[in-house]
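Welcome! Take your time and turn the view as you read.

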Amino acid sequence: MSDNQTRRDFLLTGLAIAGTGAACTSKKNIFEETAEAGVKPSGKKVKLLSVDGNIVEVDEAFLKPIPEMPPIPNSEERIGIAGRKFVMVIDLSRCKSLKKCQMACNYAHQLHPGISFLKVYPMQESEHTAPYWQPTNCMHCDEPPCVKVCPVDATFKRQDGIVLIDSDRCVGCRFCMAACPYSSRIFNWEEPGISAATAALPYSCEKSVPQKKGTVGKCDFCPDRARENKLPHCAEACPNGVFFFGDMNEDTVTNGAETFRFSELIRDKSGYRLMEDLGTKPSVYYLPPVNRNFPYIPEADSVHTS
Amino acid sequence: MVLVSLCLVGLAAYIRQLYYGLGVTAMRDYVSWGIYISNFVFFVAISLVGSLITAVLRLTDVHWSTPLTRIAEIIAVSAITFAALIIIVDMGRPERFYHLFMYGRLQSPITWDVIVISTYFVISLLLLYLPLLPDISILLQHQEQYPKWMVKLYKGMGSFWKNAPAQFAIMNRSVGILSVAIIPVAFSIHTVTSWLFATTYRPGWDSTNFGAYFISGAFLVGAGSVLVAMYIFRTHYKLEKYITESHFDKMGKIVVLLALLYLYFNINEFLVPAFKMKKSEEEHLTGLFAGEFAPIFWFAIFTSMFIPIFILLFKRGRRPFPAFIAGILVVIGSWFKRYLIVTPTLLHPFMPMHDVPANYRVYFPSWEEWAIAIGSLAAALLVITFFARLFPIIPIHETIEESETTSHASL
Amino acid sequence: MRLYNLIALILFSSVFTGLQAQEKSSVTLRINYYTHQNLPYLVAKAKTKINGKLSPVPGLVAKYYIYNATGDTVFLGSAAMDFKGESLLYVPASAQAVFQSQASLHFMVVTASNKQYDEGSGEVTVQKSKLIIDTLDGRKAVATLLVKNDTGWIPMKGVELTLGVQRLDGILPINSTATASTDSLGMVTGDYAIENLPGDKKGILTLVASIKDNEVVGSIESGINVPWGAPAHFITNHFFDRTLFARRGQSPIWLEILAYSMVAMVWGVVIYLLVQLRKIIRIGKSAAV
């Protein structure tokens, strides 16, 4: 089988170059590993060049990064990625309300102008406590009140912790919007103001594109990006590194530039969740606004940028 | 005619809504439930009157209410039908209505609502239809008086009724069973409707009191609507002999009792959280008592409870016309009360209202919403009027039976 | 009359051409060179300036080229750009000859002009490089950076490098020194100081050396598997349980029993009554008129 041959070639070239007398541990080929991780081969093989100038033949699905993700059927989108538990940590001491996160999210999901999945709230618990900006998106709760009340299984919790919406199933009753205490959900009251090309795209729950009139929408933690080992759009767009995203099972979160162990980060910086007493068990943790990078400057008016 | 034109305007508005989407209403992300839902709750509330007058009073061996049973049942059937229709109007994707059956989730209170409302509809329809059978045969005895199409309708509906004792036996037993069965179903429809709100965390909705609060309110508005219908049919069809002043007297007393009961639940619902003034509820309660909703709130409390109690407490108030006015006040006050249950809570979310267009922060229904809501109320009244034109609004046979029993008794 | 027609024609055509000569936006193309597990690939990003802000340009097609020794371009391949104006191309086997003949690689990417945008182009020059990661006794990681020049592979000094563990979308540094520079042998050594980091089922982690956005070599990542982690642990997941927030058909047993029994009882009564109604109808039909 050509796969085995190329793997052997790969290992041999690797061994030949590692001439620094190091102790060799089990060298598992990255493609073997991907195949074992349960990624299905697409059947399309490509001939690529390695740095040494050798030709390598690989199934396209095993490449990391993958050039193009194959479309995922709705049944798989409803089940989610096995073995992961996605978590987000938002560092409030770094947020300046630049709203780059909001712009990137709105663009990536092609939302109706004026509507955002991600909102940055000016918060102040009481008169004498400090005001701060709080980026708030869907909490992807472990006991989601929105999922409990949906009558048609249009919103659902997956095994990787993400709560998604299927706009092809939603009947627009808006019970989930009434049930969500975090005001995470938006409704498409009219035909979304998107281009005809976007509206014609095949609908994907994981991408939440295109949005449909008469259905509910919300932050989806960008599972299509997670499948490609990329950060959600908001995390990537923030210039101050406010958003950390990762897998709780791996105990790691990253904002692109910095990577931390999740348990250590929350413990050291005293992370907390919103409205813990409601028992929704959110998947978004906040790091309190201490040692702030920027002073809090209130906006003149709650002008929405898009 | 007025009713038909209101319905047509409502229909036109609905077509507009279907085309442009729910954006034609004033509902937005915060007030995502508006007067369609408060209309829905109002309709479900009124529909409980069927179980009250027909079932509860019948089971407690009350006989004076017999002439009122059909009025009560038709109000119930009409109201529950339009409750279901107004919900479809409120849906963002009404063409996907079948999803509720194909993909329904048992865990959702909306699924429970669908189940109990369809059950209540069937039971109320049976409770309307079965006692109608003897009356249809009476009508058929005078068929020369009626146009051909009406005679055909009567024949299709009840020509098999031969006044046979066996038939009466079955019918009476069935009506008895229905009267017992309808009570738990009636309680559950309004309790489940209250759970659409009580299963959320929001201030004003997160209350354990909601089931009982809603049911007592439902009985009140149902009884009030019967007072109104009694008076209208009595004067319009000259039924003074059957709907007597004594009926208004007794119905009036019932309304006073129900209003006091509803007042009791209101006190529990508002005074207890006000004592604590939890942060999330503080804004909501101050808004209701003294803030932007105070005018509507006090208007609703006075017109649905205090003023009718005051009118009907006195014997002179329980005469037909004053009772009719009290009934109207109850109904109007109750409609606004339902609005106050739905909208103010939604305007006080936990998170600040931010990063949204300006029209998201306020709610005043648009003309389409008013047209559709008023259209649905008009349509419900239209159904009742049509029914009254086609069928006797007083159960003839039962009333004859009643008067014979009473005259025998007095002998 | 003729003069009038001529004037009208001139005016009309000038208006027409004026309409056609719309302002086209300019496209800024950036191309970067990456190496992952010794496989090189190119990423192109297309941006344009709208209201002074850089915004992504969707829908363009990027064509990638490599310059050969004589300065001509050799076509590598094309890739459609996604929503964010990014596209990716692995260096194909067809470029083997050009690739092997040079130590320094010069790539170019172009996008064609269309109605909205002008042509765009970007270039990048990198040295062929290899990053080898290996382990030493006592849980130490060592990375060596080799760069190709005309004589062969030689170590490169002074390049910022991170030693870490590969995670979902980032690299967790193995100790508190996040980055270090390669020494004269092109090597960076680090102690593995993470305790009980969850790996896969057998506790195997991918140890990674990573260089980000270096001017000479681009970005490189190489990894090997090491058994230095704790076995994977999975946070309790209720997806397969019967809960109130589960899928349809997965509701709690108590709810199903309660709901179905209540519905069965009430509808049982309704069906009984409908049977009774049928009896009434039958009695009526059979009774003497």
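## A buried arginine to start

C:Arg167 has a relative accessibility of 6%, so this residue counts as buried. Keep in mind that the model is a predicted one. In the chain, C:Arg167 sits in the loop that joins strand E12 (160-166) to strand E13 (171-173) of chain C. From there, let us look at its surroundings, then at the interfaces, the cores and the salt bridges.

**Around C:Arg167**

- A polar atom of the C:Arg167 side chain lies 2.7 Å from the backbone oxygen of A:Glu250.
- Neighbours within four places in sequence left aside, C:Arg167 is in contact with two residues written with chain A, A:Glu250 and A:Thr252, and also with C:Leu172, C:Leu197, C:Pro198, C:Gly199 and C:Leu205.

**Where chain C meets chain A**

- Here 58 residues of chain C are in contact with 68 residues of chain A.
- The size of an interface is often given as the accessible area lost when the parts come together.
- For chain C and chain A, the buried area is about 5300 Å², and carbon and sulfur atoms give 60% of it.
- How many salt bridges are counted between chain C and chain A? The count is three.
- C:Lys84 and A:Glu236 form a salt bridge, with their closest N and O atoms 2.8 Å apart.
- On the side of chain C that touches chain A, strand E9 (residues 129-136) of chain C gives the most, with five residues.
- Sorted by class, that side of chain C has 31 nonpolar, 15 polar and twelve charged residues.

**Where chain B meets chain C**

- In this interface, 30 residues of chain B are in contact with 29 residues of chain C.
- Together chain B and chain C bury about 2300 Å², with 77% of it on carbon and sulfur atoms.
- How many salt bridges are counted between chain B and chain C? The count is zero.
- Polar contacts are found, however: eleven residue pairs, both residues at pLDDT 80 or more, link chain B and chain C in this way.
- Two elements of chain B, helix H6 (109-129) and helix H9 (165-198), each give two or more residues to the side that touches chain C.
- H9(B) provides the largest share of that side, ten residues.
- The side of chain B that touches chain C is made up of 21 nonpolar, six polar and three charged residues.

**Nonpolar cores**

- The largest nonpolar core has 212 residues, and those with the most contacts inside it are A:Phe243, B:Trp33, B:Phe197, B:Met251 and B:Ile393.
- Helix H10 (residues 210-237) of chain B gives the largest share of this core, 16 residues.
- Not counting residues up to four places away in sequence, B:Phe197 touches B:Trp33, B:Ile37, B:Val41, B:Trp205, B:Phe210, B:Phe214 and B:Val342.
- A second, separate core has 27 residues, including C:Val27, C:Tyr64, C:Leu89 and C:Val98.

- Over all chains, a search of the whole structure finds 35 salt bridges.
- In one of them, A:Arg78 pairs with A:Asp166, and the closest N and O atoms are 3.0 Å apart.
- This pair links distant parts of the chain, 88 residues apart: A:Arg78 is in helix H3 (residues 74-79) of chain A, while A:Asp166 is in the loop between strand E7 (163-165) and helix H6 (175-179) of chain A.
- Are these two residues buried or exposed? A:Arg78 counts as buried because its relative accessibility is 13%, and A:Asp166 is buried too, at 4%.
- A:Arg78 and A:Asp166 also belong to a network of salt bridges with A:Asp153 and B:Arg105.
- B:Asp90 forms a salt bridge with A:Arg174, their closest N and O atoms being 2.6 Å apart.
- That pair crosses between chains, from helix H4 (residues 69-90) of chain B, which holds B:Asp90, to the loop between E7 and H6 of chain A, which holds A:Arg174.
- Both B:Asp90 and A:Arg174 are buried.
- B:Arg16 and B:Glu368 form a salt bridge as well, with the closest N and O atoms 2.9 Å apart.
- Here the partners are 352 residues apart, with B:Arg16 in helix H1 (residues 2-20) and B:Glu368 in helix H15 (residues 367-390) of chain B.
- B:Arg16 is partly exposed, with a relative accessible area of 35%, whereas B:Glu368 is buried, at 3%.

Terms used: Residues numbered from 1 in each chain as written. Chains lettered and ligands numbered in written order. Predicted model: local features only at pLDDT ≥ 70, side-chain atom pairs only at ≥ 80, totals over all residues. Heavy atoms only, no water. Contact = heavy atoms within 4.5 Å. Buried area = accessible area lost by both parts, 1.4 Å probe. Salt bridge = Lys/Arg side-chain N within 4 Å of Asp/Glu carboxyl O. Polar contact = N/O pair within 3.5 Å; in protein donor to acceptor, adjacent residues only side chain to side chain. Helix = DSSP H or I, 4+ residues; strand = E, 2+ residues; numbered from the N terminus. Nonpolar A, V, L, I, M, F, W, Y, C, P; charged D, E, K, R; others polar. Core = buried A, V, L, I, M, F, W, Y, C linked by side-chain atoms within 4.5 Å. Buried < 20%, exposed > 50% of the residue type's maximum accessible area, 1.4 Å probe, protein only.
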